[in-house]
Amino acid sequence: MSWSFLVRGIVIGFSIAAPVGPIGVLCIRRTLADGRAAGFVPGLGAATADAIYGCLAAFGLTALTDLLIGGQSWIRFIGGAFLLYLGIRTIRAKPAERAARLRGSGLFGAYATTFMLTLTNPMTILSFVAIFTTIGVGTSHLSPVAAGSLVLGVFLGSALWWLTLSGAVGMLRSRFDLERLGWVNRISGGIITAFGIAAIVSLLSR
């Protein structure tokens, strides 16, 4: 286990999952209607999809290390620029007012629905590729243990967000409104923006 990459993965998974979109609203509404477990399980579907995309980004980019090493600077610049765009867009975004439509029945149906919704979102894989390249994954020889720790961290970070969200909604109930959700977007967007700034600054300081 590589603890440094595990922690990085947790931060990445948490910040990517945190922007409040339709799945977040679905989690909130199911928590309010049926309790914390009903809100947390759909989040696990999203966390599983995040982990799959994280795995593709980590191990896929690692396999292409020799091809990417020569273009390390421009790859990190593009990744940093994309993160700046994504972070600023997240900060400015308003929380979704409509929940994602839930198909299927029971907890498994909720899990499967959010899993597919997240898996079919092309911005998810682009976000992981951009973040992973800025921290050196794919532009340096990353061991399978480090890559695996990073992917595990992504899942734990994403799951931690959904656990936090469903738990907070369960406690706050009627006091949890869209204005407070807007601060979630700003904080997570700030974290993503920080990744982009760090990548570009590291290139300029060479």
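What follows is a chat about a predicted protein model.

Reader: Before we start, what kind of model is this, and how are residues numbered?

Author: The model is predicted, so local features need pLDDT of at least 70 and side-chain atom pairs count only at pLDDT 80 or more, while totals for chains, interfaces and linings use all residues. Residues are numbered from 1 along each chain as its sequence is written, and side-chain values use heavy atoms, with hydrogens and water left out.

Reader: Okay, how many helices and strands does the protein have?

Author: There are 9 helices and 0 strands. Both are DSSP runs numbered from the N terminus: H or I of at least four residues for helices, E of at least two for strands.

Reader: What does helix 1 look like?

Author: Helix 1 covers residues 3-17, 15 residues in total. From first C-alpha to last it reaches 21 Å, close to the 21 Å expected at 1.5 Å a residue; the expected span is 1.5 Å times one less than the number of residues.

Reader: And which residues in helix 1 are buried?

Author: Among them are Phe-5, Leu-6, Gly-9 and Ile-12. Buried means under 20% relative accessible area, exposed means over 50%, and partly exposed is in between (1.4 Å probe, protein chains only). Across the protein, buried residues make up 50% of the 206 residues.

Reader: What sits over the ring of Phe-5?

Author: The charged end of Arg-8, 4.8 Å from the ring centre. The rule asks for NZ of Lys or CZ of Arg within 6 Å of the ring centre and within 35 degrees of the ring normal.

Reader: Switching to rings: how many aromatic pairs are there?

Author: The whole structure has 3. Rings of Phe, Tyr and Trp (its six-membered ring) pair if their centres lie within 6.5 Å; planes under 30 degrees apart are stacked, over 60 edge-to-face, and the rest tilted. Tyr-111 and Phe-115 form a stacked pair, 6.5 Å centre to centre with 5 degrees between the planes. Ring pairs also link Phe-14, Trp-161 and Trp-162 into a cluster.

Reader: Where do Tyr-111 and Phe-115 lie?

Author: Both are in helix 6 (residues 106-119), 4 residues apart, about one turn of the helix.

Reader: Is Phe-115 buried or exposed?

Author: Phe-115 counts as buried at 17% relative accessibility, whereas Tyr-111 is partly exposed at 26%.

Reader: Last topic: how many disulfides?

Author: The count is 0, where a disulfide is a pair of cysteine sulfur atoms within 2.5 Å. Cys-27 is buried, with a relative accessible area of 0%, and Cys-55 is partly exposed at 32%.
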